[in-house]
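Subject: Structure handover

Hello,

Here is the structure I said I would pass on. Please look through it first; my notes on what was found follow below.

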Amino acid sequence: VGSLVILLVLGLFVLQGRRALAESYMVKGATIGISNLSAAESYFAKAASLDLRNDAYLRLLAETRRARLEQKLVSAPKDEQTALQEIRDLTEATLAPARRATELAPGNASNWITLGNIYLDIAPITSGAAVGAADAFGKAQALSPSDPAILVNLGLAKAFSAQSAQSEESKALAQSAEELLKQAAAIRPNYALAHLQLARLLAQKQDVEGALQSYRQAQALIPSDASLRYEIGLYLLQNQRTEAAQTDLEESVRLSPSFSNARWFLAQVYEMQGTLDKAVEQIQKVVGLNPDNEQAKTRLEELQKKLERKK
């Protein structure tokens with residue numbers, strides 16, 4: 001009996017030692033954070049291997065790999081087979097700990113959120129990922145029904161799913177997505193992302209007035225966001241509301257003078273209105289910001305010739 005007690009005590013010390021070491025690796029990884037994703041990933045992987053029942057380490061490992069995956073999705077060439085294989089391999093490596101975390105602690109909404117976010121990231125390029133995201137966020141919502149962030153992501157997942165569904169199912173998914181986004185905005189009226197994503201969804205449904213109303217609600221919450229004013233201006237321009245588009249694009253440029261895309265489309269508005277001198281001025285600034293952009297140089301020449309003919 002005495003030997004058994006000694007073995008149990010030794011086993012307990014070993015277990016505690018592994019957990020303490022795992023905790024130290026987790027702290028090191030968290031301290032490094034995004035400054036060195038590879039090193040942080042290595043520490044979280046070590047922590048997860050030492051404490052196999054701790055879902056938090058798996059979640060941190062998945063989130064770190066997700067950050068690497070996001071970088072890869074942005075930077076990888078679209079047409080290189082090697083890059084595509086790297087993305088597939090990294091995707092599987094990212095999903096594995098996220099799935100394991102949900103198996104270990106299915107009652108933890110954070111695990112389902114992490115899994116859902118990964119699926120949502122790859123939904124534009126991976127068949128079936130949107131359905132996986134909707135399933136994961138649906139489980140998260142069941143655990144935390146009043147969390148507006150979960151509602152927004154669930155709405156996005158359903159909106160993505162609607163794009164590849166059959167006609168009737170697509171309509172039902174799109175309607176459900178709209179209701180979820182409206183619910184999120186109602187729960188937290190100052191949640192700009194809920195209003196913004198609702199605006200984008202309504203824009204896809206060609207509900208121009210509804211989209212603009214939601215865009216303006218988002219704008220009221222983040223009035224200094226140049227990208228948002230650009231997005232609104234572009235949407236207005238696409239819907240032949242030129243004067244309103246001018247106001248938003250001008251504001252975008254005022255908020256961010258180096259925003260070349262906003263200047264490009266503001267020049268288009270000026271050209272449509274016949275104020276070619278202002279159009280030339282905008283494209284001159286685009287060229288100044290992008291001296292190697294041949295398209296901008298060509299457009300500047302065209303506008304300058306057009307202005308000369310007008311004179």
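A charge is taken to sit over a ring if NZ of Lys or CZ of Arg is within 6 Å of the ring centre and within 35 degrees of the ring normal. By that rule Arg-188 lies over the face of Tyr-191, 4.9 Å from the ring centre. Lys-139 does the like with Trp-112, at 5.4 Å from the ring centre.

Some ground rules before the rest. This is a predicted model, in which local features need pLDDT of at least 70 and side-chain atom pairs count only at pLDDT 80 or more, while totals for chains, interfaces and linings use all residues. Residues are numbered from 1 along each chain as its sequence is written, and side-chain values use heavy atoms, with hydrogens and water left out.

Helix α11

Helices here are DSSP runs (H or I, at least four residues), numbered from the N terminus. Helix α11 covers residues 226-238, and its 13 residues should span 18 Å at 1.5 Å a residue; the end C-alpha atoms are 18 Å apart, which agrees. The expected span is 1.5 Å times one less than the number of residues.

How much of α11 is buried? Eleven of its 13 residues are, so the helix is largely enclosed by the rest of the structure. Buried means under 20% relative accessible area, exposed over 50%, and partly exposed in between (1.4 Å probe, protein chains only). Among the buried residues are Arg-229 and Glu-231, as well as Leu-228, Ile-232 and Leu-236. The buried residues of α11 pack against α9 (192-204), α10 (208-221), α12 (242-255) and α13 (260-273); contact means heavy atoms within 4.5 Å.

At the N-terminal end, α11 is capped by Asp-225, which has a side-chain oxygen 3.0 Å from the backbone nitrogen of Ser-227. Just after the helix, Gln-240 takes a positive phi of about 60°.

The neighbouring α12

The 14 residues of α12 should span 20 Å at 1.5 Å a residue, and its end C-alpha atoms are 20 Å apart, which agrees. Its buried residues include Thr-242, Gln-246, Asp-248 and Leu-249. They pack against α10, α11 and α13.

Aromatic pairs

The whole structure holds four aromatic pairs. Rings of Phe, Tyr and Trp (its six-membered ring) pair if their centres lie within 6.5 Å; planes under 30 degrees apart count as stacked, over 60 as edge-to-face and the rest as tilted. Tyr-215 and Tyr-235 have ring centres 5.7 Å apart and planes at 50°, so this pair is tilted. Tyr-215 is in helix α10 and Tyr-235 in helix α11, so the pair ties together parts that are 20 residues apart in sequence. Tyr-215 is buried at a relative accessible area of 4%, and Tyr-235 is buried at 8%.

Tyr-230 and Phe-265 form another tilted pair, 6.3 Å centre to centre with 50° between the planes. Tyr-230 lies in helix α11 and Phe-265 in helix α13, so parts 35 residues apart in sequence are tied together. Tyr-230 counts as buried at 14% relative accessibility, whereas Phe-265 is partly exposed at 23%. Ring pairs link these two residues and Phe-259 into a cluster.

Nonpolar cores

A nonpolar core is a set of buried Ala, Val, Leu, Ile, Met, Phe, Trp, Tyr and Cys residues joined through side-chain atoms within 4.5 Å. The largest has 72 residues, of which Leu-115, Tyr-119, Val-152, Tyr-215 and Ile-283 touch the most other members. Helix α11 gives the most to this core, with eight residues. Apart from it lies another core, of 13 residues, including Tyr-57 and Ala-101.

Two polar residues

Asn-111 is in helix α5 (residues 109-122) and is buried, with a relative accessible area of 0%. What does the side chain of Asn-111 join in a polar contact? The partner is the side chain of Asp-55, at 2.9 Å. A polar contact is a pair of N or O atoms within 3.5 Å; within protein, one must be able to donate a hydrogen and the other to accept it, and residues adjacent in sequence count only if both atoms are side-chain atoms. Leaving aside neighbours within four places in sequence, Asn-111 is also in contact with Arg-59, Ala-101, Thr-102 and Ala-105.

Gln-197 lies in helix α9 and counts as buried at 13% relative accessibility. Not counting residues up to four places away in sequence, Gln-197 touches Val-152, Leu-156 and Leu-181.

Regards
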